[in-house]
Each structure stands twice: as C-alpha cells, then as structure tokens.
Amino acid sequence: MPTIPPVTNIYFTVCSMQFINLQKQYRLYQSEIDAHIHKVLAHGQFVMGPEIAELEALLARYVGVRHCVTVASGTDSLEIALRALKIGPGDEVITAPFTWISSAEVIGLVGAKPVFVDIEPRSYNLDLDKVEAAITPRTKALMPVSLFGQMPDYARINGIAARHGLPVIEDGAQSFGATRNGARSCGVTLIGSTSFFPAKPLGCYGDGGALFTSDDALADTLRAIRTHGGVKRHHHPLLGMNGRFDTLQAAVLLAKLPHFDAEVKARGEIGARYSELLRSVCVVPEVERGNTHVYAQYTIRVPNRDAVAAKLKERAIPTAVYYPKCLHEQPVFASAGCKWGDFPVAEKASREVLSLPMDPFLTEADQQQVVETVKEAVKG
Ligand SMILES: Cc1ncc(COP(=O)(O)O)c(C=O)c1O
C-alpha cells in the first residue's frame with residue numbers, strides 16, 4: 001500500500017490582515033454600489049430586472065462573445081452547460097482532479113462520470129499530453145479548469161476536442177479577466193463558465209455566475225434551462241431549474257465592472273511582485289507564455305506547508321489551502337475507481353500548496369510583511 005501523506009488541518013486561517021479585503025473595495029466604490037442597489041430597491045424588479053440584461057450585454061462584450069447568460073452560481077453554470085449539451089447517465093466528462101469540488105460535482109449531478117486527468121506542475125492546469133489517452137467512446141465533453149487565474153492552452157485543447165468531435169467547456173470560475181494570446185477567459189471554447197462568488201476576481205455580494213457562448217441556439221438552451229426550461233411563461237419545453245442571477249447582485253457587478261480592468265492590472269502587478277520577492281525561497285506560480293494571470297489565488301509551494309502557515313498565523317497573516325485533497329480522494333468520487341498514486345502531480349501539489357493574501361488593494365507594506373515572514377518560515 002502506498003503511504004498517503006497526511007491532509008493538512010490548516011485550511012484557512014483568519015487574522016487581522018485580510019486574506020481578501022472586500023470591505024476596502026466596498027469603501028472605495030461605496031457611492032456607486034449603493035446607488036445601483038437603491039435603483040433596484042426603487043424599481044422593485046428583484047427577479048430578472050433590467051440590470052440582468054444590461055450586465056449580460058456588458059459581460060458578453062467584455063469577453064468577446066455573442067451571449068452571456070447570468071446564473072445563480074458558478075456551480076449552476078457548469079451544470080446548466082452540461083445539461084444543455086445533453087450529457088447524462090453513461091457519459092464521461094474529462095476534468096482535473098485538483099480543483100474545487102464543483103468542477104466534478106456537476107458531472108455527477110447530471111448522472112455522468114468525472115474522468116480525471118493529472119495536472120502539470122507549473123500552472124496546475126490539465127496536463128495536455130495526457131488528455132487524449134483519457135478519451136473513450138463514452139467521453140462527451142472536455143471541461144478543463146483555468147486554475148488560480150490563468151488559462152491552459154485552449155487552442156490545443158480545442159484541437160484535441162475537434163479531433164474527437166467533443167465540445168469544450170472552460171471552467172473559468174477563477175480566471176475571469178485573464179487572457180491567453182489576447183483572448184479573454186470564457187470566450188475561447190464552445191461554452192465558458194465563471195463564478196461571481198465574492199472572493200472571485202469579479203465578485204458580487206453573494207452567489208452568482210455566468211455562461212458565455214457565441215452559439216445562438218446553445219445560448220437559447222442555456223437561457224431556457226436557467227429559467228425552468230423555458231423562456232415563455234408557463235411553457236416548459238425542457239427540464240430546467242431556478243438558476244437565475246439575482247438582480248441586486250447584478251447591480252453590484254454593474255457598479256464594480258468599470259473598475260475591473262484596473263483591478264486586474266493591480267492583481268497582475270502584485271502577483272509579479274510576490275513572485276520576484278519569493279522566487280529564491282519557494283516555488284512561485286509561473287505565468288505561461290502569452291498568458292496574463294489574475295491571481296484569484298496567489299499560490300506558492302513549500303514542502304513544510306503546515307509549519308509555514310502556522311508561522312504566518314502567529315504573525316497575524318492569513319493563508320488558505322486550495323486544495324488540501326484531490327477530488328479522487330473525496331469519498332463522493334470513490335465510485336470513479338481512482339486510487340492514491342493515479343495523479344502524482346496533483347497529489348503532491350495538494351500537500352504543498354499555500355495561498356497568500358491577495359487582492360488588488362494589498363499594500364506594499366503588507367506584502368513586504370508577508371514576504372519576510374514566508375522567507376523566515378520556509379527556513380524553519
Ligand atoms: C474552479 C471552480 N469551479 C467552480 C466553482 C463554483 O463556483 P460557485 O462557488 O460560484 O458555485 C468554483 C468556486 O469556487 C471554482 O473555484
């Protein structure tokens with residue numbers, strides 16, 4: 001039996017420095033956010049109010065596709081995408097074992113089987129040399145994740161998919177705003193999916209998500225599934241769900257969107273600065289050629305991860321572990337038939353990664369304090 005390294009018990013530490021400073025962001029944009037929210041309170045169209053269509057048009061243009069369909073969460077958006085592609089029992093969908101549970105959970109929810117493919121160690125995204133070998137006659141889609149905020153090589157992924165007649169769904173929950181060779185995340189595959197969870201690069205004040213596509217017929221299906229299987233009231237041609245995005249949350253994003261480019265730029269600069277200062281003491285995230293990275297998480301790797309996290313906590317610096325276990329280790333996916341050792345790169349990453357405080361407003365002084373403490377802690 002292989003020895004499975006222990007799973008950390010330090011998932012998330014809470015300290016006086018914030019891991020992500022959402023209050024600072026609110027204070028900066030308060031007048032705009034409050035005004036947009038009050039507009040909704042005044043018109044009273046809380047479900048599918050005019051802010052939804054306004055936001056969808058802006059987001060579609062931002063991503064560079066014909067359609068944006070906002071939804072209730074980034075989990076719902078992935079599930080709606082799979083349902084729209086008629087993926088169900090007996091089907092397989094390829095995804096990563098090192099990601100948030102949603103990426104594989106939704107595959108199970110539609111009755112299909114998640115098929116995991118190991119990641120590569122520099123970007124934590126799918127190892128594209130291994131994808132083709134995992135495709136079987138039952139494979140119905142590829143669903144790669146753009147983990148931590150940078151995209152894998154979707155030109156190559158789309159090429160593999162085209163050779164096998166498969167659709168590609170980008171799980172861009174963490175990468176909204178990132179680019180690869182100038183193309184924006186969520187706009188480079190048949191369907192792109194993102195999340196507006198508060199901690200995400202474009203976060204609202206609750207749950208939310210969106211789907212993106214340039215396929216008109218598919219967009220109609222996505223919209224219908226989001227709204228109980230039909231867009232006309234009391235007419236339900238499809239099996240759908242209540243997956244609508246909240247109008248108040250759309251109002252929050254309408255206020256935040258004009259600031260998003262500046263935030264993405266700041267994220268890139270803060271991430272690059274962390275990497276420059278930490279490269280000599282630990283493994284830092286590598287930005288692949290042609291990519292911009294939005295650092296939804298700024299994640300380093302250290303063999304003595306729990307000790308480093310504990311030292312940072314002692315100095316009131318919060319950290320988080322994304323993700324302490326791979327998905328094939330989760331009991332819910334036991335039926336996928338995988339075992340420890342099947343995905344060695346992902347498994348090693350899960351025992352070594354540590355995410356540091358990161359948001360567009362992190363001050364240089366706070367960042368310096370984080371860096372100095374990491375340097376000290378890594379030495380042990
Ligand atoms: C990679 C990934 N996929 C999907 C999701 C699901 O998004 P949500 O939390 O909005 O349902 C998340 C959220 O953390 C995520 O990180």
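Reply: A residue is called buried when its relative accessible area is under 20%. Please note that this is a predicted model.

Me: Which are the buried residues of helix 4?
Reply: Helix 4 covers residues 102–109, and its buried residues are Ser 102, Ser 103, Ala 104, Val 106 and Ile 107.

Me: Where is Thr 99 placed?
Reply: Thr 99 lies in the loop between strand 2 and helix 4.

Me: Is Thr 99 buried or exposed?
Reply: Thr 99 counts as buried because its relative accessible area is 2%, and the cut-off is under 20%. Its side chain makes a polar contact with the side chain of Ser 103, at 2.8 Å. Beyond its neighbours within four places in sequence, Thr 99 is in contact with Val 145, Leu 147, Tyr 323 and Leu 327.

Me: Changing topic, how many residues has the largest nonpolar core?
Reply: The largest nonpolar core has 60 residues, and those with the most contacts inside it include Phe 98, Leu 142 and Leu 356. A second, separate core has 24 residues, among them Cys 68 and Val 294.

Me: Finally, what is the volume of the second largest pocket?
Reply: The second largest pocket has a volume of about 270 Å³. Its lining has two nonpolar, five polar and five charged residues, including Met 48, Arg 223, His 228 and Lys 232.

Notes. Residues numbered from 1 in each chain as written. Predicted model: local features only at pLDDT ≥ 70, side-chain atom pairs only at ≥ 80, totals over all residues. Heavy atoms only, no water. 1 Å grid on protein atoms, 1.4 Å probe; cavity = no way out; pocket = protein on both sides within 12 Å on 5 of 7 lines; lining within 4 Å. Points joined across faces, edges and corners; volume = space filled by probe spheres on them. Nonpolar A, V, L, I, M, F, W, Y, C, P; charged D, E, K, R; others polar. Buried < 20%, exposed > 50% of the residue type's maximum accessible area, 1.4 Å probe, protein only. Helix = DSSP H or I, 4+ residues; strand = E, 2+ residues; numbered from the N terminus. Core = buried A, V, L, I, M, F, W, Y, C linked by side-chain atoms within 4.5 Å. Polar contact = N/O pair within 3.5 Å; in protein donor to acceptor, adjacent residues only side chain to side chain. Contact = heavy atoms within 4.5 Å.
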